[in-house]
Amino acid sequence: MPAPQQRRIIFAHIDEPGYTNDLPCYLKHGGYEVLKKAVTRPPQELIDEVKKSGLRGRGGAGFPCGVKWGLVDRKSGKPIYLIVNADESEPGTFKDRYIMHQDPHQLIEGTMISCFANNVKQAYIYIRGEMPHGARILEQALAEARAAGFVGQNICGTNYSCDIFVHRGAGAYICGEETGLIESLEGKRANPRIKPPYFPAVLGLYQCPTIVNNVETLCHVKYIVEHGGDAFTKIGTPNNTGTRIFCVSGHVQRPGYYEFEAGKITMGELLNEVCGGPLPGRKFKAVIPGGSSAKIMRFGERYKGKRKVGADMVDYDWGVEDVPMDFDSLGMIGTMGGSGGVIVMDDTVNMVEALANINAFYSHESCGQCTPCREGSLWMKKITTRMVHGEARTEDAALLKSVADQIPGRTICAFGEACSWPTQSFIAKFGDEFKGYAEAKKTAQPAAHELV
Amino acid sequence: MDFSFYFNFPLWVRLPLQGLAVILVLFPLAAACSMAERKISAWMQNRPGPNRTIAPIIAWIPGMGILQRLGIFQLAADGGKFTFKEDPVPGHVNKFYFILAPIIAMIPALTTVAVVPFGAYISSAGQLTPVILADVDVGLLAVFAVSSLGVYSVILAGWASNSKYPFLGSVRASAQLISYELSMTLSVLPVFLWINTPGSHGTLNLFDVVAMQSGVGLRWDSVWFGFTMPVSAFIFLVALFAETNRQPFDMPESEADLVGGFHTEYGAFKWSLFFVAEYCHMIVGSGVFVLLFLGGWNPLPGLPLHLLAGWLHLAGTPLLMGALGIAIFLGKVAAFIFFFMWVRWTLPRFRYDQVMNIGWKKLLPLAIANLIFYALAIALIQK
Amino acid sequence: MAVIPVSRQPLTLLERTYLPQIAGGLKTTLKHFFSPKDTMEYPEERPAIPAGYRGVPTLVFDPHGREKCVSCQLCEFVCPPKAIRITPGAITPDDPAAHVEKRPQEFEIDMLRCIYCGLCQEVCPEEAIFLQTQYSTTGHTRADFVNNKQKLYELGGTLPDAHFKWDKKKAAEEGGNAH
Amino acid sequence: MNLQPATLQKIDEVITHYPVKRSATLPLLHLIQEDIGYLPERTEEWVAAKLSLEPINVYEVITFYPMFRRKPIGRRHIKVCRTLSCALVGGYKTCAQFEQEFNTHRGEVSPDGEVTIDFVECLASCGTAPVVLIDDDLHEKVDCAKAKALSAKIKAEAGARKQESGIQNQTQH
Amino acid sequence: MIPASLNACLVLSAVLFAIGFLGVLVRRNTLIIYMCLELMLVASTLALVAFSRYNGTLDGNVFVFFILTVAAAEVAVGLAIIVALFRKRQTVQVELLNQLKD
Amino acid sequence: MDNLLFNLFAVFTVACALGVVFNRNTVAAALCLLLCLVGVAGLFALLDATLLAFVLVFVYAGAVVALFLFIIMLLDAQGGTRRPFGRMAIAAGVLAAGLLATGVILLAGATGPAAPLPASPDNTLAAPAQLLFTQYLLPLQVVGFLLLIAMLGVIVLSKRFEGLEDIK
Amino acid sequence: MIAPTKPDLVTVNIDGKEIAVPKGTNVIEAARLVGVDVPHYCYHPKLTVVGNCRMCLVEMGMPAVDPATKAPVMDPATGKQKINWIPRPQIGCGTTASPGLHIRTQTPQIKDCREGVMEFLLINHPLDCPICDQAGECKLQEQATGYGRGYSRFIEQKNVKPKRTQLGPRVTLDDERCILCSRCIRFSKEVAKDDVLGFIDRGSHSTLTCYPGKQLANNYSLNTVDICPVGALTSTDFRFKMRVWFLKQTNSIDTESSVGANTVVWSREGQIYRITPRQNDEVNDTWMADSGRELYKQVRAADRLTVIKVGNLDSTLDMAVKAAGEIFKASAGAIAVVGSGRNSVEEQFLTKKLAEALKASTQLVSRAGTGDKILVSADRNPNTRGALVTGLISALPTQQLTGLAAAIDAGQIKTVVSIGEDLTAAGLTAAQLAKISIVYLGTHVNATSTAAKVVLPTYTVFEKSGTFVNQQFRIQKFAKAVPAPAGATDDLVILAKLATATGATVPTADLAAVWKTIAAEIPALGTISFNNLPDTGLLLDQTPWATLPFVEGETLHFKPAASAETRS
């Protein structure tokens with residue numbers, strides 16, 4: 001079976017030979033035309049376009065972008081800020097890196113369109129500290145764009161002025177959370193804010209209304225404004241419009257990033273056909289479909305239920321390979337599409353060790369502000385680390401589950417969910433491995449790659 | 001060897017000597033009894049009893065350890081304690097009678113000994129002569145009469161203490177002592193009916209009673225009266241317990257309900273006098289019982305002292321024979337005192353109404369019936 | 001409640017005289033008279049202290065010679081007769097037990113007040129106070145009966161201690177964080 | 001604070017990017033670290049004075065972000081990704097390889113002062129795992145062999161530099 | 001034994017009797033009155049014994065037996081009456097036992 | 001010697017007798033009676049009536065006075081306040097004193113030749129017993145009957161009988 | 001008095017109980033009003049809300065309305081409006097009351113949440129309650145009894161953090177006990193305006209610290225100890241001194257300035273161990289200055305006066321009063337009374353009586369310092385206004401008794417009765433003191449007491465009961481906390497005896513009796529009696545003195561009206 005066809009709209013020029021990240025090259029490929037057109041349209045029309053398109057945020061939560069824009073408090077008289085969330089820190093996700101490195105102007109154009117649509121006074125691109133090159137490229141691109149009048153004062157000759165600055169993070173996963181990001185941008189510790197009352201749309205950066213959008217989302221905005229919202233809805237499936245970029249990593253033949261129409265490709269197609277299947281002599285064991293915080297899927301398990309297709313309810317009975325890669329389907333089977341980071345694990349991986357690795361990440365990245373995640377994430381890490389290095393007990397599985405259950409829903413930000421879901425799902429799907437770990441470890445071959 | 005040298009002393013020498021002898025013998029005996037009481041009670045309760053006391057200097061003498069273990073030195077310690085410890089007189093008492101009471105207690109206790117024979121020897125006249133301080137005809141009556149005065153010490157002590165428990169103790173004591181005196185007196189009458197055969201000069205002398213139990217071999221007069229008159233012996237025994245305030249008749253004292261009974265307010269030396277008096281009563285009472293019913297100083301029924309003395313060639317030396325008699329007599333008394341203590345740790349105390357019941361409704365009729373029975377029996381036999 | 005009449009056997013004449021019973025009693029006491037003694041000859045023989053015996057309350061050291069009491073004063077609080085009096089104090093930083101931070105400056109138990117109830121032992125969170133086997137307290141003055149800290153440790157000595165809570169803490173402190 | 005004039009200029013410029021001066025904390029710290037190599041002791045006070053803050057505010061921020069260093073590091077900073085995707089394909093071995101090469105331990109400066117090896121969380125290039133960030137340069141698919149090669153390169157550069165400085169020293173003498 | 005003289009005995013007896021009589025007359029406490037009665041009886045026995053001794057017969061002594069017996073009986077009855085009285089009137093004072101008089 | 005003893009006992013007895021009469025304390029009075037009886041017993045002994053002496057002590061001292069004390073304590077009947085002697089009492093006192101003085105003077109004055117002291121009567125127990133059961137058998141029976149009556153009387157008096165409340 | 005504007009009330013439903021609360025009240029406070037306790041750590045009513053402890057999670061719901069018609073949706077089962085419960089629990093501290101808000105605090109989910117948070121808080125908390133000074137007033141301990149597990153499932157090594165750090169001269173920090181509630185940080189920032197505390201590091205290893213090289217040295221640092229819900233911040237002074245459950249609490253008033261902060265004095269067996277603030281939202285919220293907390297040390301100070309002296313000879317009270325009476329008689333008409341702004345209203349009243357009886361002039365010494373605009377005002381006398389109210393003085397006192405000095409120099413004054421005031425400090429020279437006879441009532445040794453003919457030791461504020469009138473003209477009472485040392489006598493008793501010795505009739509030295517007279521004679525206090533004075537004090541009518549130029553600057557809850565006028 002041939003690999004399904006990619007549909008690259010965001011990554012249209014990524015890895016294109018000869019395509020450089022400078023302005024002339026971008027202009028050559030029709031860059032900033034959309035912006036030029038957009039600034040002539042009423043901003044509300046642009047917002048409506050986006051709303052119509054049904055674009056869902058690509059940062060991980062999948063919140064409809066149009067709705068988010070609609071929530072912005074425009075009556076307070078306070079300036080509105082837009083922040084590009086380029087703090088791409090979810091393990092397994094690496095799509096934004098390529099946009100920023102290879103096609104920065106696409107992002108800048110999308111950002112400027114969004115700024116114009118929302119009457120934004122000032123925009124920031126919050127980029128990960130781990131991407132110094134990206135920051136430099138963006139700064140370079142911004143300088144070019146600014147010089148060309150696409151950014152800064154009187155854009156494209158209009159009255160509208162908006163500048164974009166690059167703001168570098170310094171290695172904190174929590175800055176991917178929008179309020180944490182805002183705090184960080186304000187020059188503080190990236191402690192997420194409590195909502196209510198600090199909804200970014202109302203009390204965001206400097207207590208002003210603020211829009212925080214993912215890099216990919218803003219690139220989609222450019223596409224939507226270019227082609228119209230209706231056209232966008234035709235891509236992908238209803239409610240999961242547009243394309244999705246999947247970042248496949250781990251144990252597949254061809255890891256990398258692939259852009260497909262949302263929901264038009266299944267997990268099996270993605271892994272077996274697009275990515276070339278498991279490494280020689282191995283079998284897939286598990287896959288995390290949406291970044292490391294998404295719940296894991298175990299190969300061999302079946303998902304059954306009813307789903308809505310158009311107006312009808314249709315029964316489904318899927319294996320892991322059959323799951324369509326869209327927000328709703330993945331959500332339906334108890335995991336999430338997230339940021340599209342697909343991490344594949346084959347049969348050489350011990351799940352306890354994999355979880356130990358994930359827990360180590362989350363305990364390191366917890367901001368330490370609110371109790372459940374601060375203490376819970378470290379505790380889970382201590383348990384899994386102890387299991388791997390020290391003595392594992394059979395009751396540890398239940399303990400881990402119990403600890404993980406005490407975190408989600410009770411924290412200030414979604415980090416609580418992010419750090420507990422892996423544990424919950426690992427225990428739920430590989431509980432036997434956890435319970436038997438002490439025994440298994442005695443006889444285990446040295447792992448192909450140690451994970452902790 | 002004879003005692004005549006002694007009788008050659010003038011009376012004014014003899015009387016103090018005898019008095020002193022009584023005191024010097026009875027006090028240690030009473031003390032020994034208290035010691036014995038403690039050891040016996042201890043042994044009966046699977047305890048060792050006092051076995052620690054020893055004076056440091058004596059402890060160097062080898063062999064003293066055994067005496068120490070027997071608690072001999074406890075006597076000295078107790079005596080010393082009673083003598084030297086502070087002797088309190090409570091403020092609320094009637095001081096004169098309070099001090100008088102223990103003295104009165106001592107008088108009958110020491111006096112009665114005078115008429116009790118301890119043994120016998122064969123005098124130079126070849127006659128069996130009692131070892132006795134005052135050989136009076138009315139012997140037993142004297143004992144009864146004088147010892148009946150002992151009740152006053154209890155009454156006085158209780159009354160003078162001017163306090164609740166002693167008073168109740170003394171009231172009980174007076175009633176109890178009067179009640180049992182009757183039965184006691186009645187119980188000994190058969191004995192004297194028996195010995196005062198018609199035609200004899202009539203006597204209440206205890207020596208004569210022993211003499212009537214001193215038959216040699218299987219003779220009618222070699223049987224001790226305890227065997228021929230067991231009921232009398234029993235009544236006398238019970239009455240004796242009551243008269244000496246011993247368990248199970250220790251109504252006047254009864255620690256359980258009256259704290260200490262008549263001597264609750266007493267301490268130290270005065271208190272010790274009461275106890276010496278009680279033990280004296282016990283000794284004398286036991287002595288009388290032995291004389292009346294257990295053949296006195298005769299070693300065995302049918303084996304009188306003079307026969308034994310003869311076998312041992314002691315008959316010629318009155319001193320040795322007297323000593324032998326005294327030894328046998330004292331042995332019996334000691335055994336009887338042991339019996340007192342044995343009973344004490346065996347029987348629970350009677351209730352006061354039970355005491356009165358036993359005294360008047362059981363013992364007295366029994367004593368009267370006993371008397372009538374023996375009177376008739378003796379009359380028949382002697383006919 | 002139902003009343004169940006119990007008919008009693010009427011006593012026989014012999015029984016009513018009470019004499020056989022007396023004889024039986026005499027026999028029993030005589031038997032005891034000759035039976036071996038049960039008494040323990042105290043100063044030479046010592047009783048075997050049973051487990052859980054509640055003797056004089058004492059303070060104990062742990063096997064490393066650290067005084068276990070941290071002067072939390074719970075025993076002082078719980079003591080029914082108010083026999084305990086503690087003056088808390090800090091441990092100086094140069095002390096080997098500095099990581100414990102607190103110890104009693106003075107610890108007095110008035111044995112004239114103590115009722116040996118053992119509540120202090122029960123309440124002690126540090127397992128530092130124990131009612132041990134010491135059972136005789138003697139003295140000539142009232143002051144002799146007030147056991148001060150030194151006396152309490154002399155009486156208490158060292159108690160084998162399985163968990164080494166504070167040692168683990170010290171080790172953690174020295175080992176630092178396993179990040 | 002011994003900052004280069006260019007850095008100072010950049011600092012002044014970056015402060016203007018934000019309506020509230022405090023926001024410039026992170027960029028300032030980045031600039032200082034780029035200039036000096038780490039954040040020396042009085043940085044907080046300097047930055048606080050610059051941004052009209054209390055030093056504790058800056059101190060809080062510095063300690064929150066793991067990329068800020070309070071101690072000097074080796075000449076090259078090797079950051080090996082340890083997160084799941086990289087670990088699945090040998091991130092740990094890569095790190096161990098580097099450690100072995102430079103005879104040091106993660107988190108420490110190598111004895112020759114040449115490198116500091118850090119085992120860091122996700123570097124966001126999971127598709128090309130394992131990845132290593134040496135100073136600002138991302139190296140992809142760094143297996144043991146590649147790690148060896150990279151090390152050799154660093155060592156060679158170091159040797160060359162030493163030689164150069166040695167020559168300089170000699171010429172100075 | 002030779003007592004002083006019969007006269008001396010009789011004088012003593014008389015004195016004792018008189019004292020007893022005085023007591024009966026002057027004391028109001030029934031118990032004391034009773035004791036004084038006993039005193040008088042004893043005084044008479046003393047006289048009897050003295051007579052008996054100086055007459056060289058035993059009749060006096062035998063009389064004394066009877067007197068003692070009667071006295072004992074009298075004491076028993078008398079004390080019983082006193083107890084009964086006390087139970088009824090809560091007193092043993094003769095001047096208060098005057099119900100018939102008043 | 002005997003005179004000395006006699007005088008001693010006499011004085012002792014009289015003193016105790018006075019004590020009985022004039023003691024405010026009933027218990028003390030009873031104790032005085034006791035001593036008085038002991039004194040009389042001593043006199044009996046001096047008069048060669050040893051048996052009677054012991055019987056006196058036994059019966060009077062041992063039982064009667066004890067009974068007195070028992071009743072005194074039982075009733076808690078302390079001697080009442082002694083009233084000034086009434087006219088009757090003074091008259092009686094004077095009369096008695098007069099009689100006594102007369103008698104004493106008469107007797108003491110009658111220093112007639114001391115009758116020769118006969119031999120002491122048979123001091124054994126047998127002799128009085130002989131008399132009692134022969135010559136004085138009737139009085140003995142009467143006295144025995146009297147005792148019985150007295151005993152019944154005491155029982156009736158001290159015991160509460162149902163329906164005989166009017167007796168007391 | 002100004003009637004408070006009626007705030008908008010909204011009705012909320014908490015655990016089935018309806019209550020109307022002012023708009024903006026948060027759920028914790030609203031629940032407290034209906035008697036429902038919502039456990040919390042980071043929330044403090046006087047600080048901003050951060051919501052990071054997650055202990056106060058509650059279930060929240062709003063009445064359902066049809067999205068289209070806005071008509072209420074009824075629940076057929078109950079006949080009431082249906083409640084849409086939010087599935088995720090919400091924090092009570094961060095949720096403000098809105099009309100119709102429904103709150104559930106007792107559901108299994110909430111219990112589970114609290115138990116979970118409790119367990120998390122405890123895993124890295126050293127369980128060293130036996131040595132922790134907070135034990136007994138520790139929120140963690142408190143909630144652990146309600147929501148704790150009773151045993152630990154945590155077998156790993158606890159985080160290691162710095163122990164016994166000296167945060168400042170008065171505060172010791174134990175970071176291992178810290179639960180990162182950030183109350184202290186917020187307090188320093190928001191109330192004390194001394195932003196020196198912060199968290200460093202990240203995650204579970206976050207550590208509270210003071211910026212190295214700085215200290216938590218402001219005069220309000222000990223409030224961080226008070227608000228610390230656990231034993232992380234402890235008072236260096238009180239540390240390891242006594243367990244709190246032994247301590248008796250007595251309400252008192254801080255005497256260091258005219259703010260009159262409400263305090264609690266903690267004592268055991270006659271010894272004071274510490275002083276903490278007492279909440280009075282009109283005066284000091286829940287704060288007080290560190291300086292006021294150390295005042296208890298004067299109770300057992302070495303220079304405490306405990307011996308009554310007449311001309312340097314030990315004496316008795318009655319003899320001393322007699323001696324004073326003779327001095328008064330000898331210098332009749334030439335007597336001055338120096339009252340004290342540190343005395344209670346009652347004492348000032350009796351001082352006035354004494355002065356009237358002596359026909360003496362009265363003055364007060366003012367102690368002006370600088371106010372810190374928080375809880376220490378410029379007037380360091382706690383009761384200057386009491387002297388005005390009682391009529392002891394009619395004008396504001398001065399710092400120097402120049403008038404009195406002149407009168408002494410002129411020979412018009414022969415005797416001075418000083419009530420606790422050091423005349424040397426008030427500007428009199430030793431030569432002037434030598435000229436006059438001084439009757440001194442006071443607590444501690446000073447130049448005046450040394451020079452005095454009659455010295456009568458009195459009680460400190462901790463040893464007596466009474467009232468003060470603070471800068472707001474709020475009359476507040478304080479109670480006796482500890483017995484006075486032997487030798488000292490109640491000021492009231494001495495004043496009454498002195499007045500009686502001069503022949504005046506004064507009420508007996510008993511608070512109730514004095515108050516009867518005060519109420520009768522002073523109209524401003526006419527309706528007050530000591531016993532029914534509320535704990536938070538009572539505001540007096542200050543119009544008679546409104547024009548006086550008081551020295552106070554602005555402090556918490558106080559804006560001087562008069563001085564504002566004079567400035568403008």
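Within chain F of this predicted model, residues 24 or more positions apart account for 57% of the contacts with a separation of 6 or more, contact meaning heavy atoms within 4.5 Å. The secondary structure of chain F comes to 6 helices and 0 strands, giving the pattern α-α-α-α-α-α along the sequence. Helices (H or I, at least four residues) and strands (E, at least two) are DSSP runs, numbered from the N terminus.

Of the 168 residues in chain F, 41% are buried; buried means under 20% relative accessible area, exposed over 50%, and partly exposed in between (1.4 Å probe, protein chains only). Chain F exposes about 8900 Å², with carbon and sulfur atoms supplying 73% of that area. Accessible areas come from the Shrake-Rupley method with a 1.4 Å probe, and for residues only the protein chains shown count as cover.

The next topic is the interface with chain E. Here 76 residues of chain F are in contact with 70 residues of chain E. The size of an interface is often given as the accessible area lost when the parts come together. Between chain F and chain E about 6700 Å² is buried, 81% of it from carbon and sulfur atoms; this buried area is the accessible area (1.4 Å probe) that two parts lose on being put together, summed over both.

On the side of chain F that touches chain E, helices H1 (2–22), H2 (26–46), H3 (50–75), H4 (87–109), H5 (126–133) and H6 (137–158) each supply at least two residues. H3(F) gives the most, with 12 residues.

A:Arg128 lies in the loop between strand E2 (122–127) and helix H7 (132–148) of chain A. A:Arg128 is buried, with a relative accessible area of 5%. Its side chain makes a polar contact with the side chain of A:Glu130 (3.1 Å). Beyond its neighbours within four places in sequence, A:Arg128 is in contact with residues including A:Asp87, A:Glu88 and D:Leu123.

Residues are numbered from 1 along each chain as its sequence is written, and chains are lettered from A and ligands numbered from 1 in the order in which they are written. Local features need pLDDT of at least 70 and side-chain atom pairs count only at pLDDT 80 or more, while totals for chains, interfaces and linings use all residues, and side-chain values use heavy atoms, with hydrogens and water left out.

Notes. Polar contact = N/O pair within 3.5 Å; in protein donor to acceptor, adjacent residues only side chain to side chain.
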